Amino acid sequence: MEKYIDLIMNFVRDMGFYKLFHNFLNDTVVYSELIGADITVAAGWKTLVMILVALLLLYLAIKKQFEPLLLIGIAFGMLLTNLPGAGMYHSELWTEFMRPGSTLGYGDILKHGGLLDILYIGVKTCVYPCLIFLGIGAMTDFGPLISNPKSLLLGAAAQIGIFVTFIGCFFLAFPQEAAASIGIIGGADGPTAIYTTSKLYPGLLGPIAVAAYSYMALVPVIQPPIMRLLTTKKEREIVMKPLRQVTRTEKIIFPIAVTIFVALLVPSATPLVGCLMLGNLWKESGVAERLCKTAQNELMNIVTIFLGISVGATATAANFLNLETLKILAMGVVAFGLGTGSGVLLAKFMNLFTKDKVNPLIGSAGVSAVPMAARVSQAEGQKANPSNFLLMHAMGPNVAGVIGSAIAAGVLIALFA
């Protein structure tokens, strides 16, 4: 018996199984992080909190359906980047990449980075937000805006929250680039917030993206109290005249004219607005149905996947668990509330000078959460007057808000990039 045991032991030793097992054990998180004590208590505590935050966001996205298409990806990317030892995202690479005078390039990221580092290149180069706008344009009907050009003013008024919040953040000792990135949350436009932050202050991308999409999901919760506070029941009961029928020619000319206007006025906003209008032109031309459907479906879905998990990857414990994040969440609510209130108040002001009264509720749809904000206006209008149908009227300011937030982002980027 001892002879056979000696043979087995010699075989194990000769084949190097012990060494292989030892190498495998050293590579596991349990050994290297807990037994090897390569991680500090503070860092371990923060990592655990971030994992719990990721699980909470997954719960909100799946159970409560808070922007699930993007929030699931963001939360799972956050989970992956905070799992010790996974090595999927390396914040130190990007810190060095963005350091002035750094010789690190995208080739080095591809060579030394993990999967999420590679996917994040699409965020850093702002490719993903622009492609998202391409899909949004292919799904958007600008007819209500063309039919009622006054709604463009309501969409513009809702952007006041962006600039007021920017000023507030500046006084809270945020750098001007960070203040501009936080202010853009007030537009309730996730891709625009990501685009602006990537250009101006990438270090805050994780908290700002989570705040922007969380508040977009909370539109039906945040907006109604503000709308009721700023309007009377009589104002909420106003019935607006039906919109005129917009011709196909008008719908084709509109995206071309807007692109030229924005490119000449705010060149920094051209990538976003140009992609938005190209997608819309495919839709309205009637001769590019295949491209329109691809932009609406396959392309939109693929980019949404990449955008979500790569943005979530930036939410590391070091970037997320600090006082700045709490300030961002607080100022995001302020920006969103100011944007909602500004649109409502401008509609009330317009009624002082116009014969055909505007229901102030549609002013709240000037934030660019399409079409959720328009549906909230419709719901509040019907509560006051069951025979009132405001959805199409609210879509005018709603789509104007998409253009307005992109232009606001372009202005901020031109000022501070």
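What follows is a short chat about a predicted model.

Visitor: What should I know about the numbering and the cut-offs for this predicted model?
Guide: Residues are numbered from 1 along each chain as its sequence is written. Local features need pLDDT of at least 70, and side-chain atom pairs count only at pLDDT 80 or more, while totals for chains, interfaces and linings use all residues; side-chain values use heavy atoms, with hydrogens and water left out.

Visitor: How many disulfides?
Guide: The count is 0 disulfides, where a disulfide is a pair of cysteine sulfur atoms within 2.5 Å.

Visitor: What comes after α8?
Guide: C126 follows, with a positive phi near 65 degrees.

Visitor: At what angle do α8 and α9 cross?
Guide: Roughly 65 degrees, and the axes of α8 and α9 (residues 127–139) come within 4 Å. Axes are lines fitted to C-alpha atoms, for helices over the stretch in contact, and angles run from 0 to 180 degrees between N-to-C directions.

Visitor: Which residues make that contact?
Guide: L119, G122 and V123 come from α8, and V127, Y128 and P129 from α9. Contact means heavy atoms within 4.5 Å.

Visitor: Now the largest nonpolar core. Which residues have the most contacts inside it?
Guide: F142, I182 and L307, in a core of 109 residues. Helix α25 (residues 391–416) gives the largest share, 12 residues. A nonpolar core is a set of buried Ala, Val, Leu, Ile, Met, Phe, Trp, Tyr and Cys residues joined through side-chain atoms within 4.5 Å.

Visitor: What does I182 touch?
Guide: Leaving out residues up to four places away in sequence, I182 touches C169, F174, L204, I208, I328 and M331.

Visitor: Where is L172?
Guide: L172 sits in the loop between α12 (160–171) and α13 (176–183). At 38% relative accessibility, L172 is partly exposed. Beyond four places in sequence, L172 touches K327 and M331. L172 and K327 are 155 residues apart along the chain, yet their C-alpha atoms are separated by 8.8 Å.

Technical notes: Helix = DSSP H or I, 4+ residues; strand = E, 2+ residues; numbered from the N terminus. Buried < 20%, exposed > 50% of the residue type's maximum accessible area, 1.4 Å probe, protein only.
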